[in-house]
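This briefing is for a reader new to the structure shown below. Please look over the sequence and the model before reading on.

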Amino acid sequence: MKSTKSKVGTVGVVSLGCPKATVDSEHILTKLRAEGYVLTPSYAEADLVVVNTCGFIDAAVEESLAAIGEALSENGKVIVTGCLGKRDSLVRNAHPSVLAITGPNAADEVLSLVHEHLPRPHDPFDHLVPPQGVRLTPQHYAYLKISEGCNHHCTFCIIPSLRGPLVSRPVGDVLAEAERLVESGVRELLIISQDTGAYGLDTKYRTGFHGGRPVKTRLKELCTALSELDVWVRLHYVYPYPAMDELLPLMAEGKILPYLDVPFQHASPRILKAMQRPASAENNLERIRAWRKICPDLTIRSTFITGFPGETEAEFEELLAFIEEARIDRVGCFPYSPVDGAAANALPGAVPAEVREERRRQLMTLQEDISAEILAAKIGSEIVVMVDEVDDEGIVARSTADAPEIDGLVYIDGEYEATPGDFVRVRVVDADEHDLYAEPA
């Protein structure tokens, strides 16, 4: 049977994990294409496959190991990168035949490993052509990573050991990339990092910490500059630092989206202390009230953990009371999952798996009722949405309250000419627990 593989080196890339890993995959793909490699989504056509993994919670580890196994079975030549690569013994024990393993944020190292197993295509002119970035998102939105790593040491998390300490990109570099993305047709920039609120605290420009409290970062300066690009700017992974309060006027003025993705994780002061999270539950409620006073249209998204070691029924009830009082717009919840190397593993009072899951179910049932009430209040209002998809059944869009892939959608019925990336004014006519239904205004 004749081979389907190209005479030029052909590489497949499997990308798993969070948006930060997606950006890493985009960097790898861009470098491969800039050097003349052919990129393919097919195992059969690839000379080798790069698998960018996630290595945080057990489910992500299992998914990554399964993806590596599938790539080995279908292709046979696999380079592993990403967070699970930092736990190389785990990968080697499961899949000893992988060609090489490296950690996250390592596009140059991946390129060197590809060179070892698949010689670089020779093109004497390729260096004269500036590489065009490869993106894994649709053309009208893109993730913009502003820093790498984290300086927190939350007891349930091993991200600092996987991705290292906080390293912020220079403002000029971030703005230059943002401008290139906008010039290419991007209408929404999703700002991501491990700790967005700490942007700049690792650089010579930081004011740093005073009296144990974080003060000026460079995030307001960056957001102000990004707001001049005339696109949606959405912030993810923002810790509830006092310094974040200065971003709310930018949201109220419409300069950046009135949207904050804030991982509160719990409400019990004792549990938050055991997690080594910043800010107490009381401070979080006060801050939410203050944020909404400045920006009434603010959408807050957050994540929570149920069944953390030692969590009592009373402390879980504290969490439910917080959810009810805070009335957060978008909520994700995960039962606690032990992670190899996490300090929380040594804490006493392990909660049985079935109790962790039952508490997660209770929290999400409560949140569904809250979300349904919040969305029902929008019926009859007019909002501006961004079009994501257009097909024979209508238009699928998102409002300022909806980040792609994790939040709700707006389904638009009726005759309307639109393409992905267009902004459309619609009238909300119905709602459920997650999504809105609308017609052209």
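Predicted model: local features only at pLDDT ≥ 70, side-chain atom pairs only at ≥ 80, totals over all residues.

In which loop is the place of Glu 405? Glu 405 sits in the loop between strand E17 (394–398) and E18.

**Domains**

- The domain assignment divides the chain into domain 1 (10–117), domain 2 (141–377) and domain 3 (381–440).
- Between the C-alpha centres of domain 1 and domain 3 there are 35 Å.

- Strand E1 (residues 10–15) runs parallel to E3 and is joined to it by five bridges.
- Gly 12 is the residue that stands opposite Val 49 in E3.
- E3 also pairs with E4, in the parallel sense and over five bridges.
- Thr 53 has Gly 82 in E4 as its bridge partner.
- From E3 the chain passes through helix H2 (residues 58–74) to E4, a β-α-β crossover that is right-handed.

**Cavities**

- The count of cavities of 30 Å³ or more comes to two.
- The largest cavity has a volume of about 60 Å³.
- Its lining includes Asp 24, His 27, Ile 28, Asn 52, Thr 81 and Gly 82.
- Gly 103, Pro 104, Asn 105, Ala 106 and Ala 107 also belong to the lining of the largest cavity.
- Helix H1 (19–34) and strand E4 (78–82) each contribute at least two residues to the lining of the largest cavity.
- H1 gives the largest share of that lining, with three residues.
- By residue type, the lining of the largest cavity consists of four nonpolar, six polar and one charged.

**Loop residues with positive phi**

- Most residues other than glycine have a negative phi.
- Gln 276 is not a glycine, yet its phi is positive, at about 60 degrees.
- Gln 276 lies in the loop between helix H9 (269–275) and helix H10 (281–294).
- With a relative accessibility of 45%, Gln 276 counts as partly exposed.
- Glu 405 is not a glycine either, and has a positive phi of about 80 degrees.
- Glu 405 counts as exposed, because its relative accessibility of 68% is over 50%.

**A buried loop residue**

- Ala 418 is found in the loop between strand E18 (410–412) and strand E19 (423–431).
- Ala 418 has a relative accessible area of 12%, and it is therefore buried, the cut-off being under 20%.
- Ala 418 and Val 23 are separated by 395 residues in sequence, and their C-alpha atoms are 28 Å apart in space.

Note on methods:
Residues numbered from 1 in each chain as written. Heavy atoms only, no water. Domains from an automatic or database assignment. 1 Å grid on protein atoms, 1.4 Å probe; cavity = no way out; pocket = protein on both sides within 12 Å on 5 of 7 lines; lining within 4 Å. Points joined across faces, edges and corners; volume = space filled by probe spheres on them. Helix = DSSP H or I, 4+ residues; strand = E, 2+ residues; numbered from the N terminus. Nonpolar A, V, L, I, M, F, W, Y, C, P; charged D, E, K, R; others polar. Pairing = 2+ DSSP bridges. Right-handed = clockwise from strand over helix to strand, strands pointing away. Buried < 20%, exposed > 50% of the residue type's maximum accessible area, 1.4 Å probe, protein only.
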